[in-house]
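Please look over the sequence and the 3D structure shown below. The report that follows walks through one chain, then the other, and then the contact between them.

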Amino acid sequence: MHSSYVIRRLLQIIPLFLAVMVLIFVLVHLIPGDPVSAQLGDRATPDIVARANRELGLDKPLPVQFALFVNQTLHGNLGESINLKVPVMRLVAERLPVTLFLTTYAAVLGVLMAVPLAVLAAVRRNTWVDGLIRGAFQFGLSLPVFYVALQLLSLLGARLGWFPIGGYGEGFGGHLYALFLPALALGLNLAAILLRTLRSSVIEVLSAEYVEFARAKGLRTRVIMTRHVLRNAMIGTVTLLGLNIGALIGGAVITETVFAIPGVGRLMVDAIFGRDYPVVQGLTLVFAMLVSLVFLATDLLHARLDPRAEVA
Amino acid sequence: MMVMGTTQTTMTSPSSPLLSVRDLNVRIPTPGGELHAVRGVSFDVAPGEVLGLVGESGSGKSVTLRALLGLHRAPIKMSGEVHYGGANLLSMPDRALRSVRGGQISMIFQEPMTALNPVLSVGEQITENLREHRNLKGKAAQDRAAELLDLTGIPSPRARLADYPHQFSGGMRQRAMIAIALASEPKLLLADEPTTALDVTIQDQILRLLLKLVGELHMSVILVTHDLGVVAQTCDRVAVMYGGRLMETAGVGELFARPKHAYTHGLLGSLPGSGSHSSNHRRPLTPIPGGPPDLRALPQGCTFAPRCTYATGECRFSEPPLVEVAPGHASACLHHDRLSVLEVSV
């Protein structure tokens, strides 16, 4: 992979990021209600409201506010939470690892489920094995993640007591254990999405001439499946995986609420209900940044898997 | 009449054959019924011999070639015997078969663009062969891979090992595929229309390269092609296929000079070069009327009879067997001695 490609791809993030900042700024000011009245209540005197507005910089013209917002953000300052009275950056630093851990965990579980099952379904295509795998995941896909999550919680968490029903746990092993059910719920959904695409790409690749050539070379089935078949079949699936990891990050808002996980998703929900504008703004930026980084990683991985991608 | 070189013309060569195929059958189930693509094909390949397997598309020549290595997968059914090195490849355990595939018998395909894996570098595709069959790894494998690319005439081979197939031109890709196939110095090369996808000028280069390497490495070759010109240039012996059966086998000179099957006769008559040996005037080509038979609904008797100008009632009654009609020359035509004399120069 050429470094020029990586640099070009990195530079493309800058305008994207600017656009996201404009959007966030405009959206926050379009939302009905304002932070001052949310904090001070209906009965605050105009004087107090004016002073609060001044302290928060809300009395300045919008372009000035925007310029201040951009300047602060570029210096890594996402402002201060109105309700919690701490820098948004510190909240993010505390909560983001939890969300990243859960997202990675779910993605890994999803891929670990999807890849072998998709290969099995493709190799045994149109048999009962294929039917069972596809049927089960089609069914799983039709159930909303939060429903699956709640069922897992009530069965494996509450009734059997195998897993905790909330929280984050202590240490790496503790996180793995505590987050298993939410990661499984998300991973199952991801696996169901990946499985369909991956199965059909594996079937397509299996009939490719280069697989026949690999067989004529006397290579072991395992080598043919991993080096020749999976690597080609993954090319299309990697993009889909990236898109869905992006969605997982956004979906953390729901999952973290259901499972009471102290990640940025929960923080976002609390901030929205508390009209904590700086937190909402900051988190939206963080989400946007994360998603574009995931997409960047996806493109780089894609280019790594498919040497033809850079030419296009 | 022109008689071409007196190459090997005996059916059973003096030394024991390298590969011996007996009663090979391939059946392909399709929604419209079972397709009996290869029907009772038998032939031998002598050490160092270049055998041409000729026929129209759909005659079963490529299916035959792939069956020799047992490459067809279920639900396709293969039966018969493919003897190599004292064992029948079609009843061999997978593990043993794998060491023959690519190790003893290699194959090259028609379309290098699709037969080379797009996501693996040319070097990786050569070295995986060396690792499997020659137990070469690391630096030694890299060196050998560069040597092989050099052998197939690819300039600055060491630098090109890291290139991917899409960075090669069509002719270079075919050279790379030959390098991959020859990596383990096989005894027999199966070549499935190796020049069909190439420009005419490149075709010639690749054929010359193949012949040179065959000589240097003392390989035998089965060359599948529909191009009689290629056969005349490269082969020692020819087997003509039609409707999944062998119609005629003979030394290449003998076949072009004295075809003993109405189908071969028709094929040679449809060549642009035929009949123009000593005069400059052109004559219209004589194509064989009709199209190849539907392998799902074969006519009774000789499969070529519906298109044959020599066919009689007897031809339509039962399928004529392939029998020796002259020394080293076998034909499955009842009217092999009635065919008109052809003037062929290819």
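Start with a loop. Lys85(A) lies in the loop between α5 (62-74) and α6 (88-123) of chain A. Lys85(A) is not a glycine, yet its phi is positive, at about 60 degrees. Most residues other than glycine have a negative phi. Keep in mind that this is a predicted model.

## Chain A

Now step back to the whole of chain A. How many helices and strands does chain A have? The secondary structure of chain A comes to 14 helices and 0 strands. Read from the N terminus on, the elements of chain A are α-α-α-α-α-α-α-α-α-α-α-α-α-α. The C-alpha trace of chain A spans about 85 × 55 × 35 Å along its principal axes.

Take one pair of these helices. Two packed helices are described by the angle between their axes and the distance between the axes. Helix α12 of chain A covers residues 221-258, and helix α14 of chain A covers residues 277-305. Their axes come within 9 Å and cross at roughly 175 degrees. Helices α12(A) and α14(A) are therefore roughly antiparallel to each other.

Which residues make this contact? On the α12(A) side they include Met234(A), Ile235(A), Val238(A) and Leu243(A). On the α14(A) side they include Phe287(A), Leu290(A), Val291(A) and Phe295(A). The residues of the contact of α12(A) with α14(A) divide into 13 nonpolar, 5 polar and 2 charged.

Side chains of opposite charge can pair when their charged atoms come close. The side chains of Arg9(A) and Asp299(A) meet in this way, at 2.7 Å from N to O. Arg9(A) sits in helix α1 (residues 3-11) of chain A, and Asp299(A) sits in helix α14 of chain A. The two residues are 290 residues apart, so the pair links distant parts of the chain.

## Chain B: the sheet of 4 strands

Chain B has an open sheet of 4 strands, in the order β2-β1-β4-β5, with antiparallel pairing. Strands β2 (33-45) and β5 (87-88) of chain B stand at the edges. Each has a single partner strand, so one side of each is left without a neighbour in the sheet.

Look at β1 (residues 19-30) of chain B. Strand β1(B) and β2(B) pair in the antiparallel sense over 9 bridges. Two of the bridge partners are named in the table below. A hairpin joins β1(B) to β2(B) through 2 residues.

A helix covers part of this sheet's story too. Helix α1 (residues 61-68) of chain B packs on the sheet, touching β1, β2 and β4 (77-84) of chain B. The direction of helix α1(B) makes about 115 degrees with that of β1(B).

The loop between α1 and β4 of chain B holds Pro75(B). A cis peptide bond joins Ala74(B) and Pro75(B), with omega at about 10 degrees. Most peptide bonds are trans.

## Chain B: the sheet of 8 strands

Another open sheet in chain B has 8 strands, in the order β6-β7-β8-β3-β9-β10-β12-β11, and its pairing is mixed. Strands β6 (105-108) and β11 (323-326) of chain B stand at the edges. Each has a single partner strand, so one side of each is left without a neighbour in the sheet. The twist averages 25 degrees from one strand to the next.

Strand β10 (residues 245-251) and strand β12 (residues 329-331) of chain B pair in the antiparallel sense over 2 bridges. Helix α11 (residues 262-269) of chain B packs on this sheet, touching β9 (237-242) and β10 of chain B. The direction of helix α11(B) makes about 100 degrees with that of β9(B).

| Residue | Bridge partner | Strand of the partner |
|---|---|---|
| Arg27(B) | His36(B) | β2(B) |
| Pro29(B) | Glu34(B) | β2(B) |
| Thr249(B) | Ala330(B) | β12(B) |

## Where the chains meet

How many residues does each chain bring to the contact? Chain A brings 22 residues and chain B brings 29 residues. The chains bury about 2,600 Å² between them, 53% of it on carbon and sulfur atoms. In chain A, Phe213(A), Arg215(A) and Lys217(A) lose the most area to chain B. Together they account for 26% of what that side buries.

Over all chains, the count comes to 28 salt bridges.

Conventions. Residues numbered from 1 in each chain as written. Chains lettered and ligands numbered in written order. Predicted model: local features only at pLDDT ≥ 70, side-chain atom pairs only at ≥ 80, totals over all residues. Heavy atoms only, no water. Axes fitted to C-alpha atoms, helices over the stretch in contact; angles between N-to-C directions. Parallel < 35°, antiparallel > 145°, perpendicular 65-115°, else oblique. Contact = heavy atoms within 4.5 Å. Nonpolar A, V, L, I, M, F, W, Y, C, P; charged D, E, K, R; others polar. Pairing = 2+ DSSP bridges. Buried area = accessible area lost by both parts, 1.4 Å probe. Salt bridge = Lys/Arg side-chain N within 4 Å of Asp/Glu carboxyl O.
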